[in-house]
Protein chains: 2
Amino acid sequence: MHGATHHLTALERAEALCQTRGVQLTPLRRDVLRLVLEAEAPIGAYALLDQLKASRPKAAPPTVYRALDFLLEQGLIHRLERLNAFMGCTEALEGHDHDHDHAHDHPHQFLICRGCGATREISDHAVEAAIAAAAARGGFSAPRATVEIEGLCAKCGAAKP
Amino acid sequence: MHGATHHLTALERAEALCQTRGVQLTPLRRDVLRLVLEAEAPIGAYALLDQLKASRPKAAPPTVYRALDFLLEQGLIHRLERLNAFMGCTEALEGHDHDHDHAHDHPHQFLICRGCGATREISDHAVEAAIAAAAARGGFSAPRATVEIEGLCAKCGAAKP
DNA sequence: GTGGCATTGTTATCTTATAACACTCACGAC
DNA sequence: GTCGTGAGTGTTATAAGATAACAATGCCAC
């Protein structure tokens, strides 16, 4: 029940979201988004570039970085700072039926497995609240937090504990 | 009550910590640590290299990266993933009288001001607990979290709200 | 004094990211 | 119609961050 169907759905959601916002999900941007979604783990810009070159021999670093910038601005993908890599935004693309304008900048955290590299996006309100409180206590306003939690996922933890 | 005295104290603490552990805070490593501590905000490896060259013309990228690796291993500095930059570890160097072995890997978070760049390390137990709970709920074990909170500090928030 | 180990020096290279400028194409103003 | 404007993309070059690989030094144990 995953695989191609899953990705088509996500791409269709992305398309709809962009139409609503009056921005263009061009073929290039769509291709980059598709490649990000097809990757099993967060993928780096140059790995993406290599794959993109299969269908677009003319692609160069700015090609992929500009597409990634667009997708980031639209909240369709996230950047993982620890990995210098990108992954699809679960919230925006797997439709938990939130307000779509919210997808631009929603609180989120990542669970990164140091065994297999698989990464999940979560949206934990307790974490978010604790961070907001800590920021306020420190006199900080308008906080936006990068939260990347590295550990062993259930599968890898069972394999080699 | 800050300034030179503050930094000397921190360097002395670092020295003592390394002696206890049987590792060497060599002159080079000490210089790099001093430069990191003297910076007003997190500082990048190449900015550090430029400054280091004033006293050590022979310095090259590996010079500074190896020193930084050592300081990171000893928990004397932290790396800020969003900034590709380094800052001193408040916990290890400003002595809140914890168990010193704990300084190797203590839970911590950062408050980064997007106005002035000033960054503070905090150690918020509620944030840590919420993250541990979220990781456990996701089936993740042995979590270590990168938490970098960007916002406006009290000074910058007042200046341009 | 020599063998091993930690540290530093040295050169080259790799990865990640952006600057700067040219070209195309769609669209509206006139 | 054609002229300009702006978004998107192509193209070349370079900046910024990080590491690989090997050589040289210095110190201590034996």
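Across the interface of chain A and chain B, 16 residue pairs are in polar contact, both partners at pLDDT 80 or more (N or O atoms within 3.5 Å, one able to donate a hydrogen and the other to accept it; residues adjacent in sequence count only if both atoms are side-chain atoms). On chain A, strand 5 (141-152) is among the elements that each supply at least two residues to the side touching chain B, and strand 5 gives the most, with 12 residues. Helices (H or I, at least four residues) and strands (E, at least two) are DSSP runs, numbered from the N terminus.

A word on the source: this is a predicted model, where local features need pLDDT of at least 70, side-chain atom pairs count only at pLDDT 80 or more, and totals for chains, interfaces and linings use all residues. Residues are numbered from 1 along each chain as its sequence is written, chains are lettered from A and ligands numbered from 1 in the order in which they are written, and side-chain values use heavy atoms, leaving out hydrogens and water.

Now follow strand 5 of chain A across to strand 5 of chain B: the two run antiparallel, joined by 9 bridges. There, A:Thr146 stands opposite B:Glu148.

Turn next to DNA strand D. A:Arg29 places a polar side-chain atom 3.2 Å from a phosphate oxygen, while for B:Tyr65 the distance is 3.0 Å.

Definitions and conventions: Pairing = 2+ DSSP bridges.
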